[in-house]
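Please look through the structure below with the sequence beside it.

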Amino acid sequence: MDLKIEGVKVEGGPAWGNTLGVPSVKDFGRTVSDFIPEKYVQEYNERPIESGLAPDETSEIPIIDFSLLVKGDEAELNKLDYACKEWGFLQIINHGVAEDVIGNMKAATASFFDLPVDEKNKYAMGDSVEGYGHLFVLSEEQKLDWADSLFIITRPEEQRNMKKWPITLPGFKDAVEEYSTEMKRVTEELLAKLSVLLGLEKNGLEKQHVVMRHSMRIIYYPPCPKPELVLGCSPHSDPGSISLLLQSDDVVGLQIEHKGRWVPVTPIPNALVINIGDVLESWSNGLYKSIDHRAVTNSKIARMSIATFIQPADEAKMGPAKTIIQDRPKLYKDDIKYIDYMRNFLAMKLRGKVHTNFLKLENEY
């Protein structure tokens, strides 16, 4: 099967970057049996082979009871600090997001990917990184991920591009509104605790954002007849401050890098996976680190994930907070605006944390 990558330039935000249009994996995947188009077959050293996985006994990222954390429980605060320093990832339970809010969000997004391809293409990225399509596709020669996605900005509301929201789909807008409101609450509570742990004022990290922006990437990973050859999402770290991920309850797909091995993140029903992004790594002077992660596929069951990315305003400055470098050498530049970092991030294919070198002082990489 010869798959054509359409030469559609996509420019988003204030000139964040560009990408090329690619076919819907879900829709062309219905016509393949054992054949995987060459564009999706990863190079051998990039394939998700079993030998690269961590032993089972180490494959448990920290789990935090959010209801205790927000009350200031010292044990949970210490666990949060440890998770951010040693793992860059954690799962939170008892976060207060109602099960019906989560259920409605999952149902609404699943309904979008069930639409006919012509209907989904009404929301194609076109002239924006928002919408239905693929980011980080920069050439016709590069390898592609086995996934389809919808990317929208949810907050502030005045920055939404409603042309990219499938609002004619029953329940979609209401589900996103309710879910994103809850993500705002969880984010504010979490950032307040992280601020205190970093020695800042309670609203210190919120201030660093200047304007806190929320975007959402909803990803559908179709079954793949040869999952050992493909990746659902290439290894990368996230370019925001923190990310909040809602996984499918019954399918393992997310893997994070820990001590040189890939650790599968076992889903906990209705839990949220939290990870540190590049922005918070730079603000904390590397005390908290963003971590490479990827998604793998399977041959039998489709998987979905709903990621909420927290990002600062374009004019917000990267680099360590002054209070954090009083007793430690400065490791990150402090003269880079977030918009410049995003341009750098979107200008390259996902390749681990290579893009974070843009933030570091020269002797640190």
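Q: Which residues touch the most other members of the largest nonpolar core?
A: The model is a predicted one, and its largest nonpolar core holds 63 residues. The largest share of this core, nine residues, is supplied by helix 6, which spans residues 172-197. Within the core, the residues that touch the most other members are Tyr179, Leu194, Ile242 and Leu280.

Q: Which residues is Leu194 in contact with, leaving aside its neighbours within four places in sequence?
A: Leu194 belongs to the group of core residues that touch the most other members. Once its neighbours within four places in sequence are left aside, the contacts of Leu194 are Leu80, Cys84, Leu205, Ile242, Leu280 and Tyr288.

Q: Is helix 3 roughly parallel or roughly perpendicular to helix 6?
A: The axes of helix 3 (residues 74-86) and helix 6 come within 11 Å and cross at roughly 80 degrees. Angles of 65 to 115 degrees count as roughly perpendicular, and therefore helix 3 is, relative to helix 6, roughly perpendicular.

Q: How many nonpolar residues does the contact of helix 4 with helix 6 have?
A: The axes of helix 4 (residues 99-113) and helix 6 come within 9 Å and cross at roughly 135 degrees. Helix 4 contributes Val101, Asn104, Met105, Ala108 and Thr109 to the contact, while helix 6 contributes Phe172, Ala175, Val176, Glu178, Tyr179 and Glu182. Sorted by class, two of these residues are polar and two are charged, and the number of nonpolar ones is seven.

Technical notes:
Residues are numbered from 1 along each chain as its sequence is written. This is a predicted model: local features need pLDDT of at least 70, side-chain atom pairs count only at pLDDT 80 or more; totals for chains, interfaces and linings use all residues. Side-chain values use heavy atoms; hydrogens and water are left out. A nonpolar core is a set of buried Ala, Val, Leu, Ile, Met, Phe, Trp, Tyr and Cys residues joined through side-chain atoms within 4.5 Å. Buried means under 20% relative accessible area, exposed over 50%, partly exposed in between (1.4 Å probe, protein chains only). Helices (H or I, at least four residues) and strands (E, at least two) are DSSP runs, numbered from the N terminus. Contact means heavy atoms within 4.5 Å. Axes are lines fitted to C-alpha atoms, for helices over the stretch in contact, and angles run from 0 to 180 degrees between N-to-C directions. Ala, Val, Leu, Ile, Met, Phe, Trp, Tyr, Cys and Pro count as nonpolar, Asp, Glu, Lys and Arg as charged, and the others, Gly among them, as polar. Angles under 35 degrees count as roughly parallel, over 145 as roughly antiparallel, 65 to 115 as roughly perpendicular and the rest as oblique.
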